[in-house]
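Hello,

Here is the structure I promised you. Please open it first, then read my notes below.

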Amino acid sequence: MKELQNYIAGAWQSPVKNQWLDNSEPATGKVYSRLPDSTAEDVQMAVDAAKKAFPIWSAMSVEERSRIMLAIAQEMKLSFESLAEAESKDQGKPIHLSKVMDIPRAIQNIEFFATEILHMASESHGTKGVLNYTVHSPIGIVGCISPWNLPLYLFTWKIAPALATGNCVIAKPSELTPLTATMFAELCMKAGLPPGVLNILHGNGKNVGTAIVEHPDIRAISFTGGTVTGEQIASKAAPMFKKLSLELGGKNPSIIFADCDMQEAVQQAVRSAFTNQGEICLCGSRILIEDSVYEVFCDAFIQKVKQLNIGDPFENGTNVGALVSKSHWEKVLSYIQLAKEEGGTILCGGSPVHPQGRCQDGWFIEPTVIEGLGNDCRTNQEEIFGPVVTLQRFSSEEEAIALANGTKYGLAANVWTQHLAKAHRIAHALDFGIVWINCWLIRDLRTPFGGMKDSGVGREGGFEALRFFTETKNVCVKF
Ligand code: NDP
C-alpha cells in the first residue's frame with residue numbers, strides 16, 4: 001500500500017506520533033494508501049523549518065523567487081499525465097476533467113502568481129515637503145488549508161501568492177485527497193525550492209488543521225472549505241489578530257429568463273449543475289426559471305441530464321464520476337430523501353448507482369433534478385455539494401432577485417438573458433461575489449474572487465491575493 005509522508009524542511013517525514021489515516025479511491029470504495037494523521041508536534045517541526053527558511057526566501061529578489069516558481073510549473077507540465085491520473089483516482093472526478101480543468105489550472109496558478117509578483121507596485125502620496133510611500137512586506141509564516149473538491153487546483157491557488165510574496169507556508173490539503181499535494185512536494189524539490197519554504201502536513205482538520213490555526217507563529221490563515229469550519233477557524237484566529245481569508249460554501253442560483261438563448265442556457269445549466277459531480281463551490285444548484293419558459297426549459301434540461309454518463313472516472317466517456325467519500329455520498333443521499341419528505345418531486349435521478357466491474361462498490365449517485373419545493377425549505381437553503389439541483393419558477397425580475405438572494409450564501413450566480421440593460425440591472429441587484437452573465441465558470445485570475453454574506457470574508461485572485469499575504473506599512477518622509 002502506498003504510504004504518503006509529510007514534507008517538512010525539504011524532506012519526507014513520518015508523523016511524530018506515528019499515527020496514520022486510510023485513504024480510499026472513491027470509484028472503488030477501496031483503501032489504497034495511508035497518510036500521516038499529523039498533530040501539533042508535526043506543526044511545530046514545520047514552523048521551526050519555516051522560521052529557518054524565512055530569512056533566505058524573503059531576502060531573495062522577486063525575480064529569483066519568480067524563477068523558482070516557474071521551474072516548479074515546468075516540473076508540473078512534465079508530470080501532467082501522472083498528476084491528472086492521481087487527481088482522478090484520489091477524488092473520483094472524470095479523468096477528462098482533471099486533464100482539461102484541474103491540472104492545467106494548478107499549473108496556471110503557479111505561473112500566474114510567479115509573474116504577477118513582477119508587476120506588483122506600491123503607492124506613493126506626495127504633498128509639499130512630504131512624501132508618503134507604502135511598503136508591502138511578507139507576513140512571515142502563513143497557513144493554507146484547502147478542501148477536497150478541486151485538490152491541487154485550490155492548494156496551488158493559495159500557496160502560489162503566499163510564496164510569491166516571500167512568505168514561508170505551512171499547508172494542509174484535505175485528508176480525503178492528499179495525493180497530488182504530495183506529488184507537488186516532490187516537484188518542488190526537483191525545481192530547487194529551498195527547504196522549509198513550503199511545508200505540507202497531512203491529517204484531519206480537527207487535529208492538524210486546528211493546530212495550524214492556533215499556532216501563535218503562523219500569522220495568517222487562508223482557508224477554503226465549508227461555512228461551519230470557517231466559523232470555527234475565525235473564532236480561534238480572530239482573537240489572536242491573525243489575518244484571515246475565508247472562501248466558504250455556496251447555494252448558487254442559475255437564473256433563466258424567457259429571452260435567453262435557450263439552447264446555450266440549457267447546455268450551460270447542465271454543466272453548471274453537474275460538473276465534478278456538483279462538487280464545486282461555484283456550481284449552480286438552484287435553477288430559477290421564468291414562468292413562460294418553465295416547461296420548455298425543463299424538458300430540454302431533463303433530456304440532457306439523462307444523457308450524462310455516470311461511471312468509472314478513468315473511462316473516457318464518463319461525465320459524472322464518484323463522490324469523494326462514503327460519508328459525503330450518504331449525506332447527499334440523505335438530502336434527496338429530505339427533498340422528498342419536504343414535498344419535492346424527483347424529475348430524474350435520485351438513486352445511488354453501482355456500475356458493473358471494478359466500480360461496483362464506488363460512491364456514485366445519479367444526477368438528480370427536483371421540482372416543487374419552496375425557497376425556504378432546507379433543500380433550497382442548505383449546501384448539498386453533490387449532483388442535485390432544484391427547479392423553481394419566477395414571474396418577474398423582482399421575484400427572481402428575491403429568490404436568488406434568499407439564502408444566507410452569496411458566492412456566485414449565473415444569469416441568462418439577451419436583454420442588455422436587464423442583465424446589468426440584475427447583476428447589480430444580486431448579493432453575490434461573482435455574477436456570470438450568459439456564461440459559467442469563465443475565470444480570469446486577475447479578477448477578485450470570493451463570496452458575500454456566509455460565503456466568506458476577503459477576496460482571492462490578482463493583486464488582492466498578493467496584498468493579503470503582505471503586511472502594509474506607510475513610510476512618511478519630510479524633506
Ligand atoms: P471542510 O470545511 O470540511 O474542510 C476544508 C479543509 O479544512 C480540509 O482540509 C479540512 O480537513 C480542514 N478542516 C476541517 N476542520 C478544521 C478545523 N476545525 N480547523 C482547521 N482546519 C479544518 O470542507 P470540505 O473539505 O468538506 O470542502 C467542501 C466545502 O468547501 C464546501 O462547503 C464548499 O462550498 C467549500 N468550498 C468553497 C470554495 C470557495 O472558493 N468559496 C471552493 C471550494 C470549496 P479535513 O478534510 O481533514 O477535515
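Predicted model: local features only at pLDDT ≥ 70, side-chain atom pairs only at ≥ 80, totals over all residues.

Which atoms of Leu248 and the ligand pair up? A backbone N or O atom of Leu248 sits 2.6 Å from a nitrogen atom of the ligand. A polar backbone atom of Ser146 is 2.8 Å from an oxygen atom of the ligand. For Ser174, an N or O atom of the side chain is 3.0 Å from a ligand oxygen atom. How much of the ligand does the protein bury? On its own, the ligand exposes 900 Å², and the protein buries 90% of that.

Now the domains. The protein is split into domain 1 (2-248 + 455-478) and domain 2 (252-452). Their centres, taken over C-alpha atoms, are 30 Å apart. Domain 1 puts 38 residues into the contact, and domain 2 puts in 39 residues.

The size of an interface is often given as the accessible area lost when the parts come together. Here, domain 1 and domain 2 bury about 3000 Å² between them. Carbon and sulfur atoms carry 59% of that area.

Last, the interior. In soluble globular proteins, nonpolar side chains tend to be buried together. The largest nonpolar core in this model has 91 residues. Met76, Val169, Ile170, Phe184, Leu198 and Leu282 have the most contacts inside that core. Both domain 1 and domain 2 give it at least three residues each.

Take Val169 as a place to start looking. Leaving aside neighbours within four places in sequence, Val169 is in contact with Val142, Cys144, Ile159, Ala162, Leu163, Val197, Leu198 and Asn199.

Best wishes

Technical notes. Residues numbered from 1 in each chain as written. Heavy atoms only, no water. Core = buried A, V, L, I, M, F, W, Y, C linked by side-chain atoms within 4.5 Å. Buried < 20%, exposed > 50% of the residue type's maximum accessible area, 1.4 Å probe, protein only. Domains from an automatic or database assignment. Contact = heavy atoms within 4.5 Å. Polar contact = N/O pair within 3.5 Å; in protein donor to acceptor, adjacent residues only side chain to side chain. Areas by Shrake-Rupley, 256 points an atom, 1.4 Å probe, with all protein chains shown as cover. Buried area = accessible area lost by both parts, 1.4 Å probe.
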